Amino acid sequence: MDLPALKTNFQNAGLDEKDLVALSGGHAIGFSQCNHFKNRIYNESNIDPVFARNRRLTCPSSGGDTRLAPFDPTAVKFDTLYFKNLVKRRGLLHSDQALFNGVSTDALVKKYSTHAGAFAADFGKSMIKMGRNKPLEGNSGQIRVNCRRIN
């Protein structure tokens, strides 16, 4: 997803550009399956070639779609390495790298990559703001047994 689409999704949820970047920092923790980033590592040009080559070792061009790769090298630590990687064109997902690709969010990515305190403060504020969104109720929504699949 490109930045305009990301912004629209966040705006529809009452969140702004700062919230988008700060909350994306949640990708400092966790892993993604190959099928979500395979196109990026094989076909995109705004990617560090060494990073792409290393990810290809985990994720072959054919098959292996459920293999996992970390969002960043410290995938179990909540830190700012996610943002440092974006600056180096090492975002795992296309939507991650869209935050730092010659666009309006570049300045925030740079700021968070060097100021952990600013990131932590903004992440906390954005989480609270997102938490104020009212959940769907009754027939308007559902609690999923598996977050990846509609019941």
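R90 is partly exposed in this predicted model, with a relative accessible area of 28%. Its side chain meets that of D48 in a salt bridge, 3.6 Å from N to O. Because D48 lies in the loop between α3 (38–43) and α4 (49–58) and R90 in the loop between α5 and α6 (94–97), the pair ties together parts that are 42 residues apart in sequence. D48 itself counts as buried, at 15% relative accessibility.

The structure holds 6 salt bridges, including the following.

| Pair | N to O distance |
|---|---|
| D48 and R90 | 3.6 Å |
| D16 and K129 | 3.5 Å |
| R40 and E44 | 2.9 Å |

The bridge between D16 and K129 links distant parts of the chain: D16 belongs to the loop between α1 and α2, K129 to helix α8, and 113 residues separate them. D16 is partly exposed at 37% relative accessible area, and K129 is also partly exposed, at 28%. Together with D19, these two residues form a network of salt bridges. In the pair of R40 and E44, R40 is buried at 1% relative accessibility, and E44 is buried at 19%.

Beyond its neighbours within four places in sequence, L99 is in contact with residues including L3, L6, L20, V21, Y82, L86 and V109.

Technical notes:
Residues are numbered from 1 along each chain as its sequence is written. This is a predicted model: local features need pLDDT of at least 70, side-chain atom pairs count only at pLDDT 80 or more; totals for chains, interfaces and linings use all residues. Side-chain values use heavy atoms; hydrogens and water are left out. Contact means heavy atoms within 4.5 Å. A salt bridge is a side-chain nitrogen of Lys or Arg within 4 Å of a carboxyl oxygen of Asp or Glu. Helices (H or I, at least four residues) and strands (E, at least two) are DSSP runs, numbered from the N terminus. Buried means under 20% relative accessible area, exposed over 50%, partly exposed in between (1.4 Å probe, protein chains only).
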